Amino acid sequence: MNSISNGQIAEVLERLHREAEAADAPLAASAASEAATREEMITRLLKDEASDLKSTYRGFAENFLNVSPDFGRFLYMCARACKAKCIVEFGSSMGISTIYLATALRDMGGGRLIGTDLVPSKVERARANVAAAGLSGIVELRVGDARETLASGVGGDIDMVLLDGAFTLYLDVLKLLEPHLKPGAIIIGENAFEQASGYIDYVRDPRNGYLSQPLPFEAGRGNELTIRTG
């Protein structure tokens with residue numbers, strides 16, 4: 001079974017990608033018009049996060065900031081490849097990546113996905129989108145700072161993690177989840193920039209119990225694939 005290629009879920013994803021492109025087009029155009037280098041843009045966003053994390057991301061409340069269809073398929077494939085039963089997602093936004101991951105769980109017979117996002121309105125929309133895809137029974141979405149929403153645990157061992165939220169929190173969130181990661185667990189960092197939080201240095205050091213390397217597609221986005229070896 002492959003429910004992201006046809007049927008109800010595929011239709012929901014196609015609609016959401018169209019909505020995301022329209023919603024985020026002004027943001028992309030504004031960024032392009034500033035003619036800033038990639039490094040300058042990253043530095044500015046990291047500074048904003050450090051200054052006021054909540055205000056920074058509330059400013060993106062209407063933006064999807066979503067994964068591409070190609071990256072969504074990659075997430076689906078990774079979840080199936082590791083036969084995931086429990087997935088944690090940091091930065092669910094409007095729920096597009098959530099749907100790709102939860103669909104993999106459903107297509108393998110079930111499981112649970114715990115997502116979290118800082119912006120309440122995004123979580124509301126993500127829940128509606130997940131419901132439209134018929135996946136509400138698999139997905140639990142939490143509202144707030146992931147360092148708080150995930151502190152109570154996820155109720156078991158974790159097979160896969162997607163980090164796609166505030167860049168400066170990747171290492172904090174990983175360390176919070178680390179005691180629950182199964183050997184062989186997959187961790188995917190989207191926009192895991194080397195300038196942020198020390199995450200890349202940490203997962204690329206085998207002494208910390210990981211093997212990690214950058215993903216070769218969508219170059220420049222800072223995507224990183226990591227496996228838990230410890």
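Modeller: Accessible areas come from the Shrake-Rupley method with a 1.4 Å probe, and for residues only the protein chains shown count as cover. By that method the chain exposes about 10,400 Å², of which carbon and sulfur atoms supply 53%. This is a predicted model, in which local features need pLDDT of at least 70, side-chain atom pairs count only at pLDDT 80 or more, and totals for chains, interfaces and linings use all residues. Residues are numbered from 1 along each chain as its sequence is written, and side-chain values use heavy atoms, with hydrogens and water left out.

Biologist: How do you know that the radius of gyration agrees with that of a compact globule?

Modeller: The radius is taken over C-alpha atoms, and the globule rule is 2.2 Å times the number of residues to the power 0.38. For 230 residues the rule gives a value near 17 Å, and the chain has 17 Å, so the two agree.

Biologist: What share of the residues is called buried, and by what criterion?

Modeller: Buried means under 20% relative accessible area, exposed over 50%, and partly exposed in between (1.4 Å probe, protein chains only). Buried residues form 52% of the 230 in the chain.

Biologist: What makes a space a cavity and what makes it a pocket?

Modeller: On a 1 Å grid over the protein atoms alone, a cavity is a set of points where a 1.4 Å probe fits but cannot get out; a pocket is an open set with protein on both sides within 12 Å along at least five of seven lines; lining residues have an atom within 4 Å of a point. Grid points are joined across faces, edges and corners, and a volume is the space filled by probe spheres set on the points. The largest pocket holds about 1,300 Å³. Of its 46 lining residues, Leu27, Leu45, Leu65, Phe167 and Asn191 are the closest to its centre.

Biologist: Which helix gives the most to the lining of the largest pocket?

Modeller: Helix 1 does, with eight residues. Helices (H or I, at least four residues) and strands (E, at least two) are DSSP runs, numbered from the N terminus.

Biologist: How is the lining of the largest pocket divided by class?

Modeller: Ala, Val, Leu, Ile, Met, Phe, Trp, Tyr, Cys and Pro count as nonpolar, Asp, Glu, Lys and Arg as charged, and the others, Gly among them, as polar. By class, this lining has 23 nonpolar, 10 polar and 13 charged residues.
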